[in-house]
Amino acid sequence: MEPIIIEGTPKTPSIKFDEKDGIFEIKGRSIPENSVEFYKPLNEWLDNYMQGPLDKTVVNIRLEYFNTSSSKCILDVFKRLEAIHRSKHDVEINWFYEEDDEDMLEAGEDYDSIIKVPFKMIEIVE
Amino acid sequence: MSFDLENLVSDLDIRGAILYFKGNVDSEVINKALDSVEGKLLTSRENPRLRKKVYNVLVESLQNLYHHADLVPKSYHAAKPDRFGLIIMEKTGKGYRITTCNFVMALRIKELEEKLTRINSSTQEEIKELYKDILNHQEITEKGLGGLGLIDMARKTGHRLDYRFKKYDNLHSAFRISAVISNE
């Protein structure tokens, strides 16, 4: 299927979910006023991908900031990944956080406790 | 003298503030406020941990005004844009204080006050659990997630949220809320 590629802006992250290259990444800032509208195409893409996912899907989340309105949309993305995992396909989520950013680490731990998909917390040391 | 939203912050140092805005809090205003504050925080060489917390709380404060400010009473003396609010960010001895003011309909006060009382009487661990519970179980609304912004502010700052209401008329009150982000 066609990849979904969205360029980042100061308020929205870059998104690249490309089955062919095996790259699944959300990167940057996610602080739009209307997060639902922003994440809708990605969740629709995942709805299609779920029909025939790769044997292993590794998703990298490298967020610098995200607002509470994005937090629910990101959870919706993870719930789709959880469904793929439930259908006996490997899924792994790499949650990157900057050194000393305990809030971002805790946010990753929140998702890890809600979503039944293996999470890896990866500290970025500058 | 007629009531102005500014009356609610007469005890704060508007002139010395890092950020002060009163008016229609639209996307463009939010962008400019965030850019301006981020630049100032970088220039002042605040440590990254505090800088990030301040930025996060500022985002939630501005977007609370954007999503939840109720309409301005018809009898209010000044312009009445759809998203009328006031924001002031000050440097304090140990960090920063971000205060916002807006109008709320009288019928929303009870619910808002209950939410804030619950947040302020919770431990940090309880706030964390509350956040996760709402995140996982509440449906997203057109206006965003109901009240998750306030919980997030309390969680990130580790401080109680200071708030007050001032009755404007029988249908409307002015609402002020402050979050303190300290370098501790």
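**View 1. The fold of chain B brings together five helices and five strands.** Along the principal axes, the C-alpha atoms of chain B fill a box of roughly 45 × 40 × 30 Å.

**View 2. Inside chain B, 37% of the 184 residues are buried.** What share of the contacts in chain B with a separation of 6 or more comes from residues 24 or more positions apart? Such pairs account for 69% of those contacts.

**View 3. B:Glu46 sits in the loop between α1 (27-43) and α2 (48-68) of chain B.** Is B:Glu46 buried, exposed or partly exposed? With 18 other C-beta atoms within 10 Å, B:Glu46 is partly exposed, because a residue counts as buried at 20 or more such atoms and as exposed at 12 or fewer. Once its neighbours within four places in sequence are set aside, B:Glu46 is in contact with B:Leu41 and B:Arg51. Have a look at B:Asn183 in this view too: B:Glu46 and B:Asn183 are 137 residues apart in sequence, while their C-alpha atoms are 9.3 Å apart in space.

**View 4. Chain B meets chain A through 21 residues of chain B and 16 residues of chain A.** On the side of chain B that touches chain A, the elements giving two or more residues are α2, α4 (124-137) and α5 (148-157) of chain B. Which element supplies the largest share of that side? The answer is α2(B), with 10 residues. By residue type, the side of chain B that touches chain A divides into eight nonpolar, six polar and seven charged residues.

**View 5. Confidence in chain B averages a pLDDT of 92.** Of the residues in chain B, 95% score at least 70. For the complex, the predictor gives an ipTM of 0.93 and a pTM of 0.94. A friendly word of caution for close-up work: where pLDDT is low, the predicted coordinates should not be read in detail.

How values were computed. Residues numbered from 1 in each chain as written. Chains lettered and ligands numbered in written order. Predicted model: local features only at pLDDT ≥ 70, side-chain atom pairs only at ≥ 80, totals over all residues. Helix = DSSP H or I, 4+ residues; strand = E, 2+ residues; numbered from the N terminus. Contact = placed C-beta atoms within 7 Å. pLDDT = per-residue confidence, 0-100. Nonpolar A, V, L, I, M, F, W, Y, C, P; charged D, E, K, R; others polar.
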